[in-house]
Amino acid sequence: MSSEPLLRVENLKTQFFTNAGTVRAVDGISFEVHEGEIVGLVGESGAGKSVASMSLLRLVEHPGEIVAGEITYKGETLFGLEEGPDGELREREDMLSNKAVRDRIRGNEIAVIFQDPMESLNPVFTVGGQIREFIELNRDLSGKEAKQEAIDMLREVGIPDPEERYEEYPHQFSGGMRQRVLIAMALACEPSLIIADEPTTALDVTVEGQIIDLVDDLQEKYGTSFVWVTHDMGVVAEICDRVNVMYLGEIIEQAPVDELFYDTKHPYTQALLKSMPRPDRTVEELEPIEGVMPEAISPPSGCRFHPRCPDAREVCQRVHPEPKEVDRADGYPHNAACVKHDVFDVGYDESPPLEKEPQLTASTPGGEDGE
Amino acid sequence: MGLLRYTTYRLVQAIPVLIGVSILTFALANLTPGDPVRLMLQGQEADQETIERIEAQYGLDQPIHERYLTYMGGLVQGDMGHSFHRNASVAELITNRIGPTLLLVLSAYVFALATSIPLGIIAAKRRNDPFDHVSRIVALFGVSTPSFWIGIMLILIFAVQLGWLPSSDLVYPWWSPETYGHDGYGEHFYQVIRHLLLPMIALGTLQMATLMRVERTQMIESLQGEYVKLARAYGVPERTIMRKHAFQVAQLPIITIVGLNLSTALGGSVLIEFVFDINGLGRLFYEAIIQLDYQLIMGITMIIATMFVIGVVITDIAYAYIDPRVTYGESE
Ligand SMILES: Nc1ncnc2c1ncn2[C@@H]1O[C@H](COP(=O)(O)OP(=O)(O)OP(=O)(O)O)[C@@H](O)[C@H]1O
Ligand code: SF4
Ligand SMILES: [Mg+2]
């Protein structure tokens with residue numbers, strides 16, 4: 001915690017300007033990644049995890065745009081706005097140019113692994129050629145050296161006969177093998193940070209386990225930091241050092257992994273954990289989270305989780321909680337955005353519980369007394 | 001299987017197709033009304049004996065399957081029979097006329113590909129801006145306007161009104177400059193292009209319009225692929241993505257369409273040959289049909305079928321060459 005973080009994200013906001021209205025996909029998130037850490041970004045589908053990841057590389061697709069916040073990487077400003085003389089927002093002087101981000105950051109410094117290993121590789125080029133291309137682009141190696149490096153990396157991620165496999169095309173690889181290729185690709189560029197956007201979601205459980213073990217080993221060996229995007233708390237427990245839980249574009253809880261699991265501070269995280277399959281639980285004991293996450297285009301007032309929260313009270317409809325430090329562990333803060341904690345001091349305890357509308361999912365764990 | 005073996009394999013596969021075509025054409029030609037001997041005599045009266053003698057001379061007294069076998073036997077040796085109307089060998093007639101048609105069709109394709117691919121890519125890149133809308137209108141015009149009408153309009157504008165370009169006949173690049181009284185190869189080549197320009201555009205516009213829309217759609221789809229996102233995330237410049245990563249995948253359907261449209265283009269060239277007064281295979285074919293010149297009809301049909309089959313095989317091979325997912329035949 002003492003040293004300067006590798007990556008610092010402050011109050012990042014990314015929005016999509018669609019015909020139907022503004023989608024606030026990422027709505028003011030802050031987090032840090034330190035050297036050698038695996039930081040989790042967890043949340044349901046649509047929480048804004050992928051948009052947040054792509055924002056870090058300034059690769060938000062049209063009609064999306066980063067509208068606020070600051071991204072600092074190794075002391076350089078990847079994104080930053082300031083107020084101009086007329087009060088309008090403009091890009092800060094020290095913000096890296098598009099060219100600088102493309103040439104010096106993407107691949108060289110921050111690499112990515114995507115969810116779908118079937119679609120992520122180009123079907124008409126050889127696997128080896130694709131790795132080599134990215135190495136040549138991002139490292140000072142000759143074509144021959146880059147090829148050797150690509151072969152070594154394929155071996156490193158556990159692909160048998162890498163010399164032969166180098167010449168093969170993506171369709172000749174299984175899903176798990178392709179994901180290994182994508183990991184090799186990321187590591188081969190020798191970045192300091194890898195963003196892995198649900199890299200195991202498309203794989204079956206056995207393969208997922210193998211890939212996670214592989215990443216765990218390689219991460220230790222190379223000391224690369226990771227932002228690990230997932231919706232699976234089980235994966236988080238296995239691999240992450242610290243975790244950020246996202247809900248509707250916001251980070252609602254932030255803590256080292258043990259604290260998050262054993263001293264959970266936010267009802268949404270609690271609900272996520274209860275819905276997680278575990279060996280000591282039967283399927284009947286799983287509790288799916290009530291209802292579905294609302295659209296980021298019209299988020300609920302107050303605490304965005306209140307329509308689904310078992311602990312919701314009247315005040316939750318009115319007060320929008322920013323994450324605040326509610327505890328400390330290992331020198332890291334444990335932040336939560338829930339007004340039931342004393343630091344918020346908005347009169348949660350006196351507030352009457354909410355009369356709740358019936359939800360789509362069954363199994364309601366109490367808190368429905370009405371007024 | 002290597003690419004060379006694949007090519008051979010595909011060509012061998014085409015043989016039964018060609019045999020099928022030959023049987024069908026032969027049967028059709030022999031079932032069409034009009035007695036060939038009477039046609040040969042061109043209205044002269046003749047007694048039964050003369051007719052029978054002529055029939056025997058040309059093997060017309062034999063049953064149809066034997067005549068077919070005789071014909072095919074000649075065909076494999078390059079003998080396509082004799083045209084009585086023109087009193088010339090069919091093979092020779094075709095050889096003299098096939099050049100202009102091939103020149104026309106190939107140049108129309110070159111024109112179509114050279115214009116449609118860049119235009120389609122630009123339209124994909126500037127989706128929904130004015131360029132894209134204009135290109136859509138041009139494409140709609142291109143696919144819905146008959147090529148002969150485009151040809152006539154081009155003649156009216158560029159030959160009649162402006163007088164910039166010739167309106168009829170081609171200059172054959174395979175003839176020597178002296179034949180035309182051209183001053184060396186520079187002028188010869190220049191004249192070849194000048195004569196080719198209008199018919200090439202008239203015939204190629206339909207292909208261009210079709211290919212442009214396909215190119216646009218394919219590029220848009222390819223640009224949205226995860227592999228393009230990945231390339232961007234690794235710092236690949238946008239130009240390289242356009243030219244390499246998105247481009248190559250997008251060309252696969254183009255190749256297929258080029259191959260399949262070959263028949264449309266060959267058909268279209270008949271009309272274009274009339275409009276531009278080109279002495280090609282298309283016109284020969286038309287005349288043969290009008291004159292019920294069976295041997296010639298047979299011969300031209302076989303040639304066109306062969307060209308079409310070869311076109312499809314080349315397409316397949318090109319496809320296999322750039323798409324590694326195509327396995328070559330039975331192995332793998
Ligand atoms: N191109 C786009 N145009 C409009 N809205 C978008 C676009 N891309 C994403 N969004 C919206 O942004 C929000 C966050 O999407 P995002 O893809 O980041 O979710 P996610 O957390 O990665 O979910 P998943 O687990 O399904 O990958 C969603 O509401 C989504 O509809
Ligand atoms: S603020 Fe209220 S609604 Fe939101 S999580 Fe906390 S208790 Fe639930
Ligand atoms: Mg996602």
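**Exercise 1. Place A:P63 in chain A and describe the peptide bond that joins A:H62 and A:P63.**

Step 1. Find the elements on either side. In this predicted model, A:P63 sits in the loop between α1 and β4 (64–73) of chain A.

Step 2. Read omega. For the bond joining A:H62 and A:P63, omega is about 5 degrees.

Step 3. Name the bond. The peptide bond between A:H62 and A:P63 is cis.

Step 4. Most peptide bonds are trans.

**Exercise 2. Give the phi values of A:E190 and B:N128, and locate both residues.**

Step 1. Take A:E190. Its phi is near 50 degrees, a positive value, and the residue is not a glycine. A:E190 belongs to the loop between α7 (175–188) and β8 (193–197) of chain A.

Step 2. Take B:N128. This residue is not a glycine, yet its phi is positive, about 65 degrees. B:N128 lies in the loop between α5 (90–125) and α6 (130–144) of chain B.

Step 3. Recall the rule. Most residues other than glycine have a negative phi.

**Exercise 3. Describe the surroundings of ligand 1.**

Step 1. Count the neighbours. Ligand 1 is surrounded by 14 residues. The closest are A:S45, A:G46, A:K49, A:S50 and A:E198.

Step 2. Look for polar atoms close to ligand oxygens. A polar side-chain atom of A:S50 is 2.7 Å from an oxygen atom of ligand 1. Backbone atoms take part too. A polar one of A:V51 lies 2.9 Å from a ligand oxygen. For a polar backbone atom of A:G48, the distance to an oxygen of ligand 1 is 3.0 Å.

Step 3. Judge the cover. On its own, ligand 1 has 640 Å² of accessible area, and the protein covers 69% of it.

Step 4. Assign the shell to elements. In chain A, β1 (7–18), β2 (21–33) and α1 (49–56) each give two or more residues. The largest share, three residues, is from α1(A).

Step 5. Sort the shell by class. There are six nonpolar, five polar and three charged residues.

**Exercise 4. Describe how chain B meets chain A.**

Step 1. Count the residues in contact. Chain B brings 22 residues, and chain A brings 28.

Step 2. Give the area. About 2200 Å² is buried between the two chains, with 67% from carbon and sulfur atoms. On the chain B side, B:L230, B:Y234 and B:P324 supply 32% of the area that chain B buries against chain A, more than any other three residues.

Step 3. Count the polar links. Eight residue pairs are in polar contact between the chains, both residues at pLDDT 80 or more.

Step 4. Find the helices involved. In chain B, α10 (226–233) and α11 (238–260) each supply at least two residues of the side that touches chain A. The most come from α10(B), with seven residues.

Step 5. Sort that side of chain B by class. It has eleven nonpolar, four polar and seven charged residues.

**Exercise 5. How many salt bridges join chain B and chain A, and how many are counted over all chains?**

Step 1. Side chains of opposite charge can pair when their charged atoms come close.

Step 2. Look between the chains. The count is one salt bridge. A:E133 and B:K244 form a salt bridge through their side chains, at 3.4 Å from N to O.

Step 3. Widen the view. Over all chains, the count is 37 salt bridges.

Step 4. Examine a pair within chain A. A:K147 and A:E167 form a salt bridge, with their closest N and O atoms 3.5 Å apart. This pair links distant parts of the chain, 20 residues apart. A:K147 is in helix α5 (residues 143–156) of chain A, and A:E167 is in the loop between α6 (162–166) and α7 of chain A.

Technical notes:
Residues are numbered from 1 along each chain as its sequence is written. Chains are lettered from A and ligands numbered from 1 in the order in which they are written. This is a predicted model: local features need pLDDT of at least 70, side-chain atom pairs count only at pLDDT 80 or more; totals for chains, interfaces and linings use all residues. Side-chain values use heavy atoms; hydrogens and water are left out. Contact means heavy atoms within 4.5 Å. Buried area is the accessible area (1.4 Å probe) that two parts lose on being put together, summed over both. A salt bridge is a side-chain nitrogen of Lys or Arg within 4 Å of a carboxyl oxygen of Asp or Glu. A polar contact is a pair of N or O atoms within 3.5 Å; within protein, one must be able to donate a hydrogen and the other to accept it, and residues adjacent in sequence count only if both atoms are side-chain atoms. Helices (H or I, at least four residues) and strands (E, at least two) are DSSP runs, numbered from the N terminus. Ala, Val, Leu, Ile, Met, Phe, Trp, Tyr, Cys and Pro count as nonpolar, Asp, Glu, Lys and Arg as charged, and the others, Gly among them, as polar. A residue is near a molecule or strand if one of its heavy atoms lies within 4 Å of it. Accessible areas come from the Shrake-Rupley method with a 1.4 Å probe; for residues, only the protein chains shown count as cover.
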